[in-house]
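Keep the viewer open as you read.

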Amino acid sequence: MGLHVPGDVTVAILSDVHYAGAAERARGDDYELRAIPNPLLRTFAHVYRHVVWMRHPLDQAPQLDRFLADIGSVDYVVANGDYSCDSGFVGVSDPAAGQSAQECLGKLRAKFGDRVRFAVGDHELGKQALFGSGEMRLASWRTVTETLGLPPFWQLVIGRYTLMGMTSSLVALPVHQPDTSPAEWPEWLRLREAHLAEIRAAFEALPSNQRVILFCHDPTALPFLWREECVRRRLPQIEQTIIGHLHTQLIMWKSRVLSGIPPIRFMGHAVSRMTAALHEAHHWWPFHVRLCPALSGIELLNDGGYFTMQIDPAAGHPAQFTFHPLPR
Ligand SMILES: [Fe+2]
Ligand SMILES: [Fe+2]
């Protein structure tokens with residue numbers, strides 16, 4: 001578990017659990033492929049899913065149990081988003097995905113009680129699948145905030161450290177507009193403004209000697225945060241930004257190489273969204289990003305696991321991170 005200094009506070013960090021309960025599992029592992037109308041694309045996606053990404057996407061629940069059995073004594077836990085498999089592509093307002101998220105959060109809450117914090121991921125809200133349909137729905141927003149009880153923004157003060165969790169899909173909302181319906185767009189914009197107001201207020205009120213650890217599921221949000229003057233002014237205080245969403249260091253590495261590429265607009269919305277994010281990726285690095293991989297990693301590398309972070313409440317040393325591999 002790394003070198004433990006007495007007085008240090010230990011925070012476990014996990015991300016992208018993509019838990020599937022019984023109703024999502026019943027849809028079968030090819031749920032995503034069935035949603036692709038074009039047979040050529042379907043074959044391509046099948047090979048990619050089978051060899052590279054995740055062969056049995058609906059079978060990741062045992063990995064959460066493995067984590068719960070493996071984890072030693074920790075003071076806090078932060079889960080960094082994407083709790084269900086979102087196999088209905090509309091987020092947790094789909095009853096099957098909602099059940100998965102409920103079970104996933106329930107297991108974490110049962111073990112850690114009020115010591116666990118949750119960031120909201122893109123799959124909680126829904127989005128267009130890579131080559132198919134799907135939508136980001138306000139009904140899922142209500143399920144997240146009301147039924148699942150996740151606050152869109154939270155802070156946890158540990159001495160001279162402040163941990164902050166935010167909702168990347170709201171911060172990066174302009175990128176997600178094609179995933180929303182025109183009827184719901186004005187309300188999404190209102191939610192985004194309210195969220196940004198909370199973030200601005202938190203940074204305005206931050207004492208100048210306070211260190212910050214940010215939790216932001218999707219790094220696509222970081223260039224938008226960078227454009228907020230009150231955040232940019234505090235960048236030297238942001239010691240680390242923990243992201244998820246990319247699932248593997250392989251993609252993180254690719255993002256560094258491809259950082260700055262022009263957005264590709266002619267291959268559909270999902271590709272446009274991803275390349276637009278890479279175009280802006282040079283704004284990620286001032287946030288000192290650290291990727292917490294998916295708990296299950298990816299098929300090709302079996303590189304899943306979680307972090308523990310040792311924090312000195314007196315800020316005598318920077319936060320220390322230890323990665324704990326959790327092979328499937
Ligand atoms: Fe994910
Ligand atoms: Fe994600």
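Predicted model: local features only at pLDDT ≥ 70, side-chain atom pairs only at ≥ 80, totals over all residues.

Residues are numbered from 1 along each chain as its sequence is written, and chains are lettered from A and ligands numbered from 1 in the order in which they are written.

Back to Tyr306. Together with Ile13 and Leu14, Tyr306 touches the most other members of the largest nonpolar core, which has 74 residues. Such a core is a set of buried Ala, Val, Leu, Ile, Met, Phe, Trp, Tyr and Cys residues joined through C-beta atoms within 7 Å. "Buried" takes 20 or more other C-beta atoms within 10 Å of a residue's own, "exposed" 12 or fewer, and "partly exposed" is what falls in between, again with C-beta atoms placed from the backbone. Helix α5 gives the most to this core, with six residues.

So what does α5 look like? It runs over residues 95–112, and its 18 residues reach 25 Å from first C-alpha to last, close to the 26 Å expected at 1.5 Å a residue. That expected span is 1.5 Å times one less than the number of residues. Helices (H or I, at least four residues) and strands (E, at least two) are DSSP runs, numbered from the N terminus. The buried residues of α5 are Ala96, Ala97, Gly98, Ser100, Ala101, Cys104, Leu105 and Leu108. Their cover includes α1 (22–25), α4 (61–70), β2 (76–79), β3 (116–118), α6 (122–125) and α7 (138–147). Just after α5, Gly113 takes a positive phi of about 55°.

One of those covering helices, α7, has its own buried set: Ser140, Trp141, Thr143 and Val144. They sit on the same side of α7 because they cover an arc of only 160° around the axis, where the arc is that of the directions from the helix axis to the C-beta atoms. What covers them includes α5, α6 and α10 (185–204).

Now for the strands. β1 (residues 9–14) runs parallel to β2, and four bridges join them; pairing requires that DSSP finds at least two bridges between two strands. β2 and β3 are parallel too, over three bridges. Follow Val77 across: this β2 residue stands opposite Ala12, and its bridge partner in β3 is Val116.

Gly72 lies between α4 and β2 and is exposed, with 10 other C-beta atoms within 10 Å. Its C-alpha is 9.3 Å from that of Ala12, 60 residues away along the chain. Arg265, in the loop between α13 (249–258) and α14 (269–279), counts as exposed with 11 C-beta neighbours inside 10 Å.

Zooming out, the chain comes to 14 helices and 10 strands, and 43% of its 328 residues count as buried.

Methods:
Contact = placed C-beta atoms within 7 Å.
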